[in-house]
Amino acid sequence: MSATVPDPVFDLHNGGKLAVQSTVPLATREDLSLAYTPGVARVCEAIAADESLVHQLTWVGKAVAVVTDGSAVLGLGNIGPRAAMPVMEGKAVLFKQFGGVDAVPICLDTQDTDEIVRIVTALAPSFGGINLEDISAPRCFEIERRLVEALPIPVFHDDQHGTAIVVLAALRNAALVLDRKLADLRVVISGAGAAGVAVTRMLINGGVSAGDIVVLDSRGCLHSGRTDLNSAKAALAAGTNAAKVSGDIAAALRGADVLIGVSGGTIPEEALAGMAPGGVIFALANPTPEVHPEIAARYASVVATGRSDFPNQINNVLAFPGIFRGALDAGATRISDGMKVAAATAIAEVLSAGELAADTIVPSALDPRVAPAVASAVAEAALRDGVTR
């Protein structure tokens, strides 16, 4: 579709969704001398003598780079860095709106892992944090790991950890609604990409028994007997599926309490029929869930999707603005597992006992209580985990 065709979506995007705005006045010669030369030289000298002052005396302490290579954008796939820019702009708008965090979209014209790590490392002095976005698996795992090791600032791949944090929050509250304990749930995760790996690790950190989690990729259940797994999947197989369930999704779902879909595609209704009654289905593929909510409701008492037009939207915006706000406020050098669990707990606890229900297990993405609660919990966890400057 041409951008000139009358359309409210294209009208909104015309000219982009971002602009740079000064925070200081430039009305007089004195203003100019303070904000730029000669006054700015004194600030440069102070930072040269003590580089940690850059977080206080520039915007670095509140700025995040939103970095993509355009290889896994939304459900659109590998559409490249230019086509990814509208999403990265949107992400930056969400950072500002919900977390008060200034974010800059950076779309890289390379999908080479070494080059991405080199470029982001070189850009890092301009930012207080790095949000990796829409980078395909398994490269995203190595890119994040290497950047975490190389940089003294938080690095966070939102497609992995943002989704996982909100899933844990939602499952905590679903368990409360159903009067169940996380440790007693048998969980099936359909999808072993970036989100599937992170959701699995997050649930284990949050209290779900690792042995009671079965993860599936396109070839079936992950288990220690499979020899066709990459390193990320092999690590999952070694730490989950204690019963060594094999086969397809129907085999995995027999007697399961929870289904979490992060894979796309369609899960057949006959497979759902094997689930234990009164359970949970999170079908999170966007825009088409793995299971339509109306069908899911026949087999589960609590149903969630990634869409805003159904109840219980599992939306990353509940997590990343507050996580980075809290990390920046605390001067965090990385995002620890404890900070992620704290974020999930804060999201879950935004809802009071009176608000919590089968169709309200997470707050609205627009709920103004969420980001401040997450930021406070994450900052406290960063101090507690000893990952601050």
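This is a predicted model: local features need pLDDT of at least 70, side-chain atom pairs count only at pLDDT 80 or more; totals for chains, interfaces and linings use all residues.

Residues are numbered from 1 along each chain as its sequence is written, and side-chain values use heavy atoms, with hydrogens and water left out.

**The annotated domain**

- An unreviewed UniProt entry carries the annotation "domain: Malic enzyme NAD-binding" for residues 160-383. UniProt positions follow the numbering used here, feature names are shortened, and annotations may be inferred rather than shown by experiment.
- Over residues 160-383 the chain is 41% helix and 12% strand, with the end C-alpha atoms 23 Å apart. Helices (H or I, at least four residues) and strands (E, at least two) are DSSP runs, numbered from the N terminus.

- Strand β9 (residues 279-283) has five of its five residues buried, so it is largely enclosed by the rest of the structure. Buried means under 20% relative accessible area, exposed means over 50%, and partly exposed is in between (1.4 Å probe, protein chains only).
- In a regular strand, side chains alternate between the two faces of the sheet.
- Both faces of β9 are covered: Gly 279, Ile 281 and Ala 283 are buried on one side, and Val 280 and Phe 282 are buried on the other.
- On to pairing: two strands pair if DSSP finds at least two bridges between them.
- Strand β8 (residues 258-261) runs parallel to β9, and four bridges join them. Look for Ile 260, which stands opposite Phe 282 in β9.
- Strand β10 (residues 300-305) also runs parallel to β9, this time with five bridges. There, Val 303 in β10 is the bridge partner of Ile 281.

**Cis peptide bonds**

- Thr 37 and Pro 38 are joined by a cis peptide bond, with omega about 5°. You'll find Pro 38 in the loop between α2 (29-35) and α3 (39-49).
- Ala 137 and Pro 138 are joined by a cis bond too, with omega about 0°. Pro 138 sits in the loop between β3 (129-132) and α7 (139-150).

**Positive phi outside glycine**

- Asp 179 isn't a glycine, yet its phi is positive, near 55°. Asp 179 is in the loop between α8 (158-177) and β5 (187-190), and it is exposed, with a relative accessible area of 72%.
- Lys 244 isn't a glycine either, and its phi is about 55°. Lys 244 is in the loop between α10 (231-239) and α11 (249-253), and it is exposed at 53% relative accessible area.
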